[in-house]
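This report goes through a few features of one structure for a reader who has not seen it before. Please look at the sequence and the model first.

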Amino acid sequence: MINLEFILKNLFSLVLRREIRFHFDRIPLVAQKISRKKMWNLFRIALNRLLPLAPAFGYPYMAHVSPAGVCNLRCPICPAHDPQTQGKALLPFSTFKKLIDEIGDYLIYVILWSWGEPFLNPEIYRMISYARDKNILTVTSSNLNRFTREDAAQVIEAGLDALIIALDGVSEETYSQYRSGGSAERVIANTKLLVEERKKRGSMKPYLNLRMVVSKYNEKEVGAFRALGRELGVDMVSFKAFSTRQPGFASPEIDRQFAPESKFFRWYDYLPDYTVSHKLKKYNCRFPWTKPTLFADGEILTCEFDFRYEYSLGNLNQKSFREIWFGSKAKEFRRRFNQNRDEIAFCRDCVFDYKLIPGCVVAWEFLNQ
């Protein structure tokens, strides 16, 4: 996460080399040819991490964009199939273009996924290449069940910087415990296809991160998963803690069902009844100042977990981003957030509160260094 401390530590590289090296979900990324406008905005928005003031001092340096609010799988507890989840559509390229045209001069990277499968949107390749042409890094995550050689060629040509491949089990039996409607064999085959196509084109991108979300059902396959990553030729493997706390899903029984037995892979410290211990700190969230979420229907939210649009800031198809980000709704939300964020429904059960780990990735291994 880029904050003032990070910027000061990387001041030499930022000012003289015009680049920043950082990690997103443990994926190594390098932003180069950073303009003075981006540099100045980074300093301004970093101040919002230090000062508890409602106004945003600058534009966001990252954006969370949902290319598709629909999914081809039916994973338990995922909000994609919650009847109350909004934005169940495919994001038009025109809406994405408007976002980038308005704030692209300030963005370091764009996260291209949310509650859905991004590659269901055929315009995602245009989005990636448009961001690339504006010198914005792109990262996405996919269940990789619907993916062809043509898709592999397009994603490489578009210039995607990093791809997280969600494979939550080496065996079909284990994978299907959570990824309902998917196939581990298909994901593995499509990963091979992507690695082959990347070699064929002599490209280093996208950086491939084979990801396992560790649960009670697949933790026995962690070792085999590492070995599979080496065999497939991906760039890294990573293991994410299984999180269950979402609006409407903060239930000890769900944690009891899915949380891994190994405490090493746990997101939280559980009490005997599987409620979450509050001994650890709440998350120092600054997303309302640094990371807008654009849903597929054009709504701008302060967080992807506001998937019921309880505190929408406005719709990009109807207003400019400037009007939305610096408008009265955004100021009022940030004021309430600073005052007591537990009064905000989707913040009350924030997945990042009281967690044992600094990010969401528990373990990782770089394979191609």
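Over the ring of which residue does the charged end of Arg286 sit? The ring is that of Trp289, and the charged end of Arg286 is 3.9 Å from its centre. The model is predicted.

## Charges over rings

Besides the placement of Arg286 over Trp289, there is an arginine at the face of a phenylalanine: Arg126 lies over Phe93, at 3.8 Å from the ring centre.

## Aromatic pairs

The structure holds 33 aromatic pairs. One of them joins Tyr59 and Phe326, with 5.1 Å from centre to centre and 85° between the planes, an edge-to-face arrangement. This pair links distant parts of the chain, as its members are 267 residues apart. Tyr59 is in the loop between α3 (36-50) and β3 (62-65), and Phe326 is in the loop between α12 (321-325) and α13 (328-340). Tyr59 has 10% relative accessibility and therefore counts as buried, whereas Phe326, at 24%, counts as partly exposed.

Another pair consists of Trp267 and Tyr268, which is tilted, with 6.1 Å between the centres and 55° between the planes. Both of these residues are buried. Trp267 and Tyr268 also belong to a cluster linked by ring pairs, together with Tyr270, Tyr274, Tyr283, Phe287 and Phe352.

## Cysteines

How many disulfides does a search of the whole structure find? The search finds zero. Cys347, for example, is in no disulfide, and the nearest cysteine sulfur, that of Cys350, is 6.6 Å away. Cys347 is buried, because its relative accessibility is 5%.

About 540 Å³ of space lies in the second largest pocket. Its lining is made up of 18 residues, and those that lie nearest the centre are Leu29, Val30, Leu137, Asp161 and Lys205.

Which element gives the largest share of this lining? Strand β2 (residues 27-31) does, with four residues. By residue type, the lining of the pocket divides into eight nonpolar, six charged and four polar residues.

Technical notes. Residues numbered from 1 in each chain as written. Predicted model: local features only at pLDDT ≥ 70, side-chain atom pairs only at ≥ 80, totals over all residues. Heavy atoms only, no water. Disulfide = S-S within 2.5 Å. Buried < 20%, exposed > 50% of the residue type's maximum accessible area, 1.4 Å probe, protein only. 1 Å grid on protein atoms, 1.4 Å probe; cavity = no way out; pocket = protein on both sides within 12 Å on 5 of 7 lines; lining within 4 Å. Points joined across faces, edges and corners; volume = space filled by probe spheres on them. Helix = DSSP H or I, 4+ residues; strand = E, 2+ residues; numbered from the N terminus. Nonpolar A, V, L, I, M, F, W, Y, C, P; charged D, E, K, R; others polar. Phe/Tyr/Trp six-rings, centres within 6.5 Å; stacked < 30°, edge-to-face > 60°. Lys NZ or Arg CZ within 6 Å of the ring centre and 35° of its normal.
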